[in-house]
Amino acid sequence: MELFYSREIISGSLVLDGEESNHCIRVLRHREGDVINIIDGCGTLYECEITCADAKAVAFRILERRPGYGAHPYVLQMAVAPPKNIDRFEWFAEKATEIGVDEITPLSGDYSLRRDFRSDRIGRILVSAAKQSHKAAVPMLAEAVDV
């Protein structure tokens, strides 16, 4: 099952953004009338039909809404200090998403070698990992906390 991501579906916007639209139309070759699955990042899976197939903005209508798709009955938060090598933190974020972590909190200690990281890049990794592991909820990346 292919999953697409749209944060704006919650506010009523029934259009995929440019990157997701391009992937849907040009890479996966979906057309009008095809049924696709879209996650909102908050735990809901939407089964949708494409009404306008454009590589810049795919319009769709919602056929079915499944709240709590792939959810678990607990909230799991992990706090971790990003290591010197940022690739390891990105790998951790990806694997934590795949096992179902709900929130990741970066820690910064007195002897931490890395105090900053690109949260926008980590956010894209979290969305990608959620789609790949068929999770409708994308973990929240909290602000860094000093310990």
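Two packed helices are described by the angle between their axes and the distance between the axes. Axes here are lines fitted to C-alpha atoms, for helices over the stretch in contact. Keep that in mind for this one, which is a predicted model.

Start with the helix pair. Helix α2 covers residues 86-99, and helix α3 covers residues 119-132. Their axes come within 8 Å and cross at roughly 35 degrees. The crossing of α2 and α3 is right-handed. Who touches whom? From α2 we have Phe89, Glu90, Ala93, Glu94, Thr97 and Glu98. They meet Arg121, Ile122, Ile125, Leu126, Ala129, Ala130 and Gln132 in α3. By class, that contact has 7 nonpolar, 2 polar and 4 charged residues.

Stay with α3, and go to the largest pocket. Its space is about 270 Å³. Which helix gives the most to its lining? That is α3, with 4 residues. Helix α1, residues 18-27, also supplies at least two. The lining includes Arg7, Glu8, Asp17, Arg124 and Lys131. Charge shows up in the count: 7 charged residues, against 2 nonpolar and 2 polar.

Now the second largest pocket. Its volume is about 200 Å³. It has 15 lining residues. Gly70, Ala71, His72, Asp102 and Ala137 lie nearest its centre. This lining divides into 8 nonpolar, 5 polar and 2 charged residues.

Last, the strands. β3 is residues 44-52, and β4 is residues 59-67. They pair in the antiparallel sense over 8 bridges. Together they form a hairpin, with 6 residues between the strands. For a landmark, find Thr44: it stands opposite Pro67 in β4.

Terms used:
Residues numbered from 1 in each chain as written. Predicted model: local features only at pLDDT ≥ 70, side-chain atom pairs only at ≥ 80, totals over all residues. Heavy atoms only, no water. Pairing = 2+ DSSP bridges. Axes fitted to C-alpha atoms, helices over the stretch in contact; angles between N-to-C directions. Left-handed = near helix turned anticlockwise from the far one by under 90°. Contact = heavy atoms within 4.5 Å. Nonpolar A, V, L, I, M, F, W, Y, C, P; charged D, E, K, R; others polar. 1 Å grid on protein atoms, 1.4 Å probe; cavity = no way out; pocket = protein on both sides within 12 Å on 5 of 7 lines; lining within 4 Å. Points joined across faces, edges and corners; volume = space filled by probe spheres on them.
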